[in-house]
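Could you walk me through the ligand site of this protein, and one buried spot as well?

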Amino acid sequence: MNAQPVKVPFLDLKAHHAPIRDEVLRAIERVMDTNAFAGGPFVEAFEKDWAAYCGSRHAIGVGSGTDALWLSLLALGVGPGDEVITVPASFMATAEAVSFCGARPVFVDIDPVTYTMDPARLERAITPRTRAIVPVHLFGQVADMDPILDIARRHGIPVVEDACQAHGATYKGRRAGTFGVAGCFSFYPGKNLGAFGEAGAVVTDDAELASRIRCLRDHGQARKYHHDHIGWNARMDGIQGAVLQIKLRRLDAANEARRAHARRYASLLAGLEDVVLPVEAPERTHVYHVYAVRVPKRDEVLNRLNRRGIACGIHYPVPIHRQKAYECLGLGEGSFPVAEQCAREFLSLPMYPELRPDQVELVARELRACLAELRSETHACAV
Ligand SMILES: *Cc1c(COP(=O)(O)O)cnc(C)c1O
């Protein structure tokens, strides 16, 4: 079959931005007219709104989600010789932030239903060198925080949440990012709340930690040109602050739209034996940054869907402990079997607020068709 043109894109940022185009352009003009390009009043205004939205006392705008993770760990004193526990099923940045503090990432496998840190495996990974625990709210669902916080508290280890995919997600009525001592967010354009470039934030209730992160993001300055610490340039741009403040007002509606698409996918794909659908765990609201199903022969399914005009993704094809960059850790195949199997089977279907119901139906229909084709081909070859 010849490849068909894209009928359902993986993401549609143009459609996402169309209704706010004029409002955003006016806000960017205000940034230009006031020369508030790096940090400044637009970032401060967004920080206030973001802290209030999350239900946190402080928010610190930074350059990216990677910065948010890195500076949070640095501010907690993580350094050479330390270990930080996280999961292998995440974007590389989670572990990179640990390595950029000079510390070593230690992995705990994920739960096979929620794809987040398996609390039952956490305690065994703790050593006298453990300085932080970083659960990842993968795909937009908050990790099982109660047992994680309980273990962390017993060992006196701070928890830093990687909430880079979980803007507005809740666990027992509270929002992602507010469970640990710090919550880290990315506003990369494709995230549920996305900037017009790179941006991120840390939320925390701890005033001292907030001021350390504020200081670190701005070259360790307490006052202009008076440097108490060695920091970095990790400030948020003024334009990003202005844009994010506008886009934040639509986050809840956008998350609701994603949740409606997820329900539709779930009902259309129900009963397919060879597909594992995402599960929303009790007392959590999943915000479906990614709608990942698990299928056998994933690469073949993905190719066939692409040829039928359905754009799909893989988040992520290689678990972090199997990345070439982390060869030095010596963690072979079989170290984290759940994360490894998921990496082989995960297939991300199109998921964004502007997706139309007929597009969701088309994706589901084409996925069913691809799986049926593969099943009949397998049977035809059986002897
Ligand atoms: C996007 C993401 C990051 C990194 O955020 P950037 O803004 O791209 O630096 C970290 N962790 C997870 C889980 C992410 O999805």
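Predicted model: local features only at pLDDT ≥ 70, side-chain atom pairs only at ≥ 80, totals over all residues.

Residues are numbered from 1 along each chain as its sequence is written, and side-chain values use heavy atoms, with hydrogens and water left out.

**Contacts with the ligand**
- Among the 15 residues around the ligand, the nearest are Gly65, Thr66, Asp162, Ser186 and Lys191 (near: a heavy atom within 4 Å).
- Aspartate 162 places a polar side-chain atom 2.8 Å from a ligand nitrogen atom.
- Ligand oxygen atoms have polar side-chain atoms of glutamine 165 at 2.8 Å and of lysine 191 at 2.9 Å.
- On its own the ligand has 380 Å² of accessible area, and the protein covers 93% of that (Shrake-Rupley method, 1.4 Å probe).

**The shell around the ligand**
- Helix H4 (65–75) and helix H5 (93–99) are the elements that give two or more residues to this shell (helices are DSSP runs of H or I, at least four residues, numbered from the N terminus).
- H4 gives the most, with 3 residues.
- By type, the shell holds 6 nonpolar, 7 polar and 2 charged residues (Asp, Glu, Lys and Arg count as charged, and Gly is among the polar ones).

**Arginine 259**
- Arginine 259 sits in helix H10, residues 251–269.
- Arginine 259 counts as buried because its relative accessibility is 15% (buried means under 20%).
- The side chains of arginine 259 and glutamate 280 are joined by a polar contact of 2.4 Å (a pair of N or O atoms within 3.5 Å, one able to donate a hydrogen and the other to accept it).

Technical notes:
Buried < 20%, exposed > 50% of the residue type's maximum accessible area, 1.4 Å probe, protein only.
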